[in-house]
Amino acid sequence: MQTRRIPANTVGLVVFALVVFALGAVDLVRPFGLRFSDLTGRVVTLDTMIRIGILTIVVVGLNLLMGYAGQISLGQAGFYALGAYASAILSTLAARHGILPGISDAWWWPWLAMLAGMGLTGLFAYLVGRPILRLKGNYLAMATLGLGFIINIFSAEFPSITGGNDGLTEIPRLRIGEFLLWPMQRYYFLVWGAAVLVILVALNIVNSRIGRALRAIHTGETAAATCGVDTERAKVQALVISAMMASLAGSLYAHFQSAVSPNPFGFTTSVELVTMAAVGGLSSVWGAPFGVATLYVIGDLIKSRMEKILPLQGGGYELILYGLLLVLIMIFLPSGVTAGGMDALRRLRRRRRPDAGEQTA
Amino acid sequence: MNADRELLLDMTDLRKDFEGLMAVFDVSFPVRRGEIVSLIGPNGAGKTTIFNLITGVLPATSGSVRYRGRELRGLRPHQINALGLARTFQNVRLFGNMTVLENVMVGRHARTRYGALSTAFRLPAARRAEREIRERAMRELARVGLEPKAGEGSLSLPFGQQRLLEIARALATEPSLLLLDEAGSGLNGAEKDDLGRLIRSLRGSGITILLVEHDIPFVMGLSDRVVVLEHGVLIADGTPAQVQGDPRVIAAYLGEEVGGKC
């Protein structure tokens, strides 16, 4: 027997969680009066970090669907919206209209709403997944695109429930008993705790029976089927998992913003999510947090520095530079910033110790 | 000589019409339990198409395929696999993004099951099932002699071993009938001898074999029965000796192809 080694992913997850929580702790402890945003030269704020955490959860799901199962979704913002609206509707309207008094204003009600949202979104993904996932390639992209549009349009209808185009406001902050998960410095830990948990679950799925089936489908659907894999079922499962993750993120978003409206859940968001997944890298779950962070940081850097470099009026140049950077990333790091970064690290280490050579395969 | 054995697979008037091109034309033949049956014929004779019809990869135009009396037409490939039929592919279809061991572990998919919560949080039930999957996959790798390669990338194996890996993956699904599509092509002499021994030992362990093969001496030495196809039509079905003496076979097939080869 070989000596028992701790899997690299476990080490990675522990280090990742420690770093993320340490960053969040800066704003709680305020060492030397510093804030988190001071560490980043005021480019990345705690607010941004929370948004990165929330979208990481969505992109982990998308990564499972695209990177492992090989199925594209251009409608992921739809599932994200379903979670946000489920939380918003259940935690505001019920209390406002006095439905289930004594229950709908209890501290655990929004948490229950969050779970209900995940359940409903998962069920919805299951029902639409069966017919949609029979499609392949461009057709699947188109169908999911349509699905995203439909959810987005519906969320602007029925103003008495969804608040129409204005959306819903005054969504309560989350509490555990009497402990309020707010201000932001506290909410940070909830969001990143959830993100770490979702990454853990995704890593477990990848190395499970269903994860192997998904990877098999990705490389050879016929071969997978003749090996006993119900390919349709596995693909629907991947969609359901990714939809539930998006829904969880949506709920966290709703309680963070304290408001939801149709606008942030449109087609642009779906495309951004796919871009984040691709920029991070589709070959590993670890692509998700770094893909989301890369896009946010580039976006914020350009926004805050652009005027100083090119003092021109109008925001068009920002978008051009943003697009150009994305193109460059995909050209030079086609497997994403995460895998690309790891490769660069490995090469650097090898250069420093030329005798180490190729012993780690 | 095997006519009294149980009928495992039975094709009657099986037909595949590719928009006017008759790839398989009303082919009927049985496979009995414990046999090694070979399907031979020149290129384009319809051998691989028959495999695809049996395993549900392609839908048949008409006719029937029965496995233990049960109609397979209309079933999906994974359902057919679950009944006990497994196959390999003419041009080896491994899961290139996985290790040798993981490829075989995929074969355990339908034979194991654990819940969603166990999967998500790696609960003891999942760990136990995964350990069993791993152990069983290692045993199948040992069966084809690939145990030492378990951790390697599946596409880094030499071609001959890729074929063996595909057989191990098929065996992991616990088949009663194994369909090998040109398992010997691309192998050198020694590898082919090993393959012959492996096929016999599989038969010895109770697995019935249906084989598509080009190498006539290999087929004749290995098979209990040989079925000959030409242009989608069955032209002979019998023992190797009967088939070799069949004038139609000699005229249509052995005369031109093998005569030149041997």
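Author: The contact takes 30 residues from chain B and 22 residues from chain A, where two residues are in contact if their C-beta atoms, placed from the backbone, lie within 7 Å. Keep in mind that this is a predicted model, in which local features need pLDDT of at least 70, side-chain atom pairs count only at pLDDT 80 or more, and totals for chains, interfaces and linings use all residues. Residues are numbered from 1 along each chain as its sequence is written, while chains are lettered from A and ligands numbered from 1 in the order in which they are written.

On the side of chain B that touches chain A, α2 (77-83), α3 (100-106), α4 (116-121) and α5 (124-143) of chain B each supply at least two residues; helices (H or I, at least four residues) and strands (E, at least two) are DSSP runs, numbered from the N terminus. The largest share, four residues, comes from α2(B). Sorted by class, this side of chain B has 14 nonpolar, ten polar and six charged residues. Here Ala, Val, Leu, Ile, Met, Phe, Trp, Tyr, Cys and Pro count as nonpolar, Asp, Glu, Lys and Arg as charged, and the others, Gly among them, as polar.

Now for the sheet in chain B. This open sheet has six strands in the order β6-β7-β8-β3-β9-β10 (chain B), with mixed pairing; two strands pair if DSSP finds at least two bridges between them. At the edges stand β6 (85-87) and β10 (233-238) of chain B, each with a single partner strand, so one side of each is left without a neighbour in the sheet. Further in, β7 (residues 177-181) and β8 (residues 208-212) of chain B pair in the parallel sense over five bridges. Look for L178(B), whose bridge partner in β8(B) is I209(B). Helix α7 (residues 189-204) of chain B packs on the sheet, touching β3 (36-40), β7 and β8 of chain B.

Over in chain A, find helix α9 (residues 209-219). Ten of the eleven residues of α9(A) are buried, meaning that 20 or more other C-beta atoms lie within 10 Å of a residue's own, again with C-beta atoms placed from the backbone. Among the buried ones are R209(A), I210(A), G211(A) and H218(A).

Key. Axes are lines fitted to C-alpha atoms, for helices over the stretch in contact, and angles run from 0 to 180 degrees between N-to-C directions. A residue is buried if 20 or more other C-beta atoms lie within 10 Å of its own, exposed if 12 or fewer, and partly exposed in between; C-beta atoms are placed from the backbone.
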